[in-house]
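The sequence and the structure come first.

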Amino acid sequence: MTNRMGPIIVINPNSTESVTRGMDEAVTPLRVPDGPVIECVTLRDGPPGIESQADVDAVVEPICALVSDRQAEAGAFVIGCYSDPGLQEARRIGNTPVFGIAESAMLQALAVGRTFGVISILEGSVARHLRYVRALGLESRAAGDRAVGLGVTELEDDPGAFARILAVGEALRDEDGADVVILGCAGMARHQRSLENVLGVPVVEPTRAATGLALTTLLVSGS
């Protein structure tokens, strides 16, 4: 059977190639026979990490430009940043579906547990995430959001990153009552399996969650 579906284009809005490689590895299980190509791309003009509201705002226009440029060929887009920058704007560009990793991760978490907790990178991310939770009407299912205190590039370079991520996950589980944990940054993708094994609760990797929704959408619409 020939694959006639357009690719799922996963956009890393920051310029850190190691994050894109982590995303690519995270979505590898979704590369199925006769399914669409899953292509992870780096927004080379983006900041090294999306760590502030200014960073979020700065990448909206280039994300939309990429979505516009590849609209005709793509089967779906995934915006690979937990702040879902430009999600609504990109959805207005054309008919190609666009998925945000934060929105998708929360939907997956709601399907497997009662309450979810989010592991954020920096304290400044927490308030932004909570505003998004309120905008989606999910406050009653959100147990907490805690930061590890590391930026995107520090997640790659700090040998103690996993220990800090684990400590926050344990606090979300034990103190906040989360029965599902979401990794609140695409740069944490490589820790998902180890964290889930140690915590003993589901750990949602958001890029895989969004790409999985995109894949299901394309397979259903193409059947």
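Nine nonpolar, seven polar and one charged residues make up the lining of the largest cavity. The model is a predicted one.

**Largest cavity**

**Second largest cavity**

- The volume of the second largest cavity is about 30 Å³.
- Y82, M106, V118, H129, Y132, V133 and D145 form its lining.
- Here too α5 gives the most, with three residues.
- By class, five of the residues lining the second largest cavity are nonpolar, one is polar and one is charged.

**Largest pocket**

- About 180 Å³ of space lies in the largest pocket.
- The residues lining the largest pocket are G22, E25, A26, P29, A189, R190, Q192, R193 and R208.
- Helices α1 (17-26) and α8 each supply at least two residues of this lining. The greatest contribution comes from α1, with three residues.
- The lining of the largest pocket divides into three nonpolar, two polar and four charged residues.

**Second largest pocket**

- The second largest pocket has a volume of about 150 Å³.
- It is lined by V56, D57, V60, S83, D84, P85, G86, L87, Q88, E89 and Y132.
- Two or more residues of this lining come from each of α2 (53-69) and α3 (87-91).
- Five of the residues lining the second largest pocket are nonpolar, three are polar and three are charged.

**Packing of α7 and α8**

- Helix α7 (residues 161-174) packs with helix α8 (residues 192-199) at an angle of about 45°. The axes of α7 and α8 are 10 Å apart.
- The two helices, α7 and α8, are therefore oblique to each other.
- The crossing of α7 past α8 is right-handed.
- On the α7 side the contact is made by F162, I165, L166, G169, E170 and R173. On the α8 side S194, L195, V198 and L199 take part.
- The contact of α7 with α8 comprises six nonpolar, two polar and two charged residues.

**Packing of α4 and α9**

- Helix α4 (residues 101-112) and helix α9 (residues 206-221) pack with an angle of about 85° between them and their axes 8 Å apart.
- An angle from 65 to 115 degrees counts as roughly perpendicular, and α4 and α9 are therefore roughly perpendicular to each other.
- From α4, the residues I101, S104, A105, L107 and Q108 meet P206, T207, A209, A210 and L213 of α9.
- Seven residues of the contact of α4 with α9 are nonpolar and three are polar, with no charged residue.

Conventions. Residues are numbered from 1 along each chain as its sequence is written. This is a predicted model: local features need pLDDT of at least 70, side-chain atom pairs count only at pLDDT 80 or more; totals for chains, interfaces and linings use all residues. Side-chain values use heavy atoms; hydrogens and water are left out. Axes are lines fitted to C-alpha atoms, for helices over the stretch in contact, and angles run from 0 to 180 degrees between N-to-C directions. Helices (H or I, at least four residues) and strands (E, at least two) are DSSP runs, numbered from the N terminus. Angles under 35 degrees count as roughly parallel, over 145 as roughly antiparallel, 65 to 115 as roughly perpendicular and the rest as oblique. A crossing is left-handed if the near helix is turned anticlockwise from the far one by less than a right angle, and right-handed if clockwise. Contact means heavy atoms within 4.5 Å. Ala, Val, Leu, Ile, Met, Phe, Trp, Tyr, Cys and Pro count as nonpolar, Asp, Glu, Lys and Arg as charged, and the others, Gly among them, as polar. On a 1 Å grid over the protein atoms alone, a cavity is a set of points where a 1.4 Å probe fits but cannot get out, and a pocket is an open set with protein on both sides within 12 Å along at least five of seven lines; lining residues have an atom within 4 Å of a point. Grid points are joined across faces, edges and corners, and a volume is the space filled by probe spheres set on the points.
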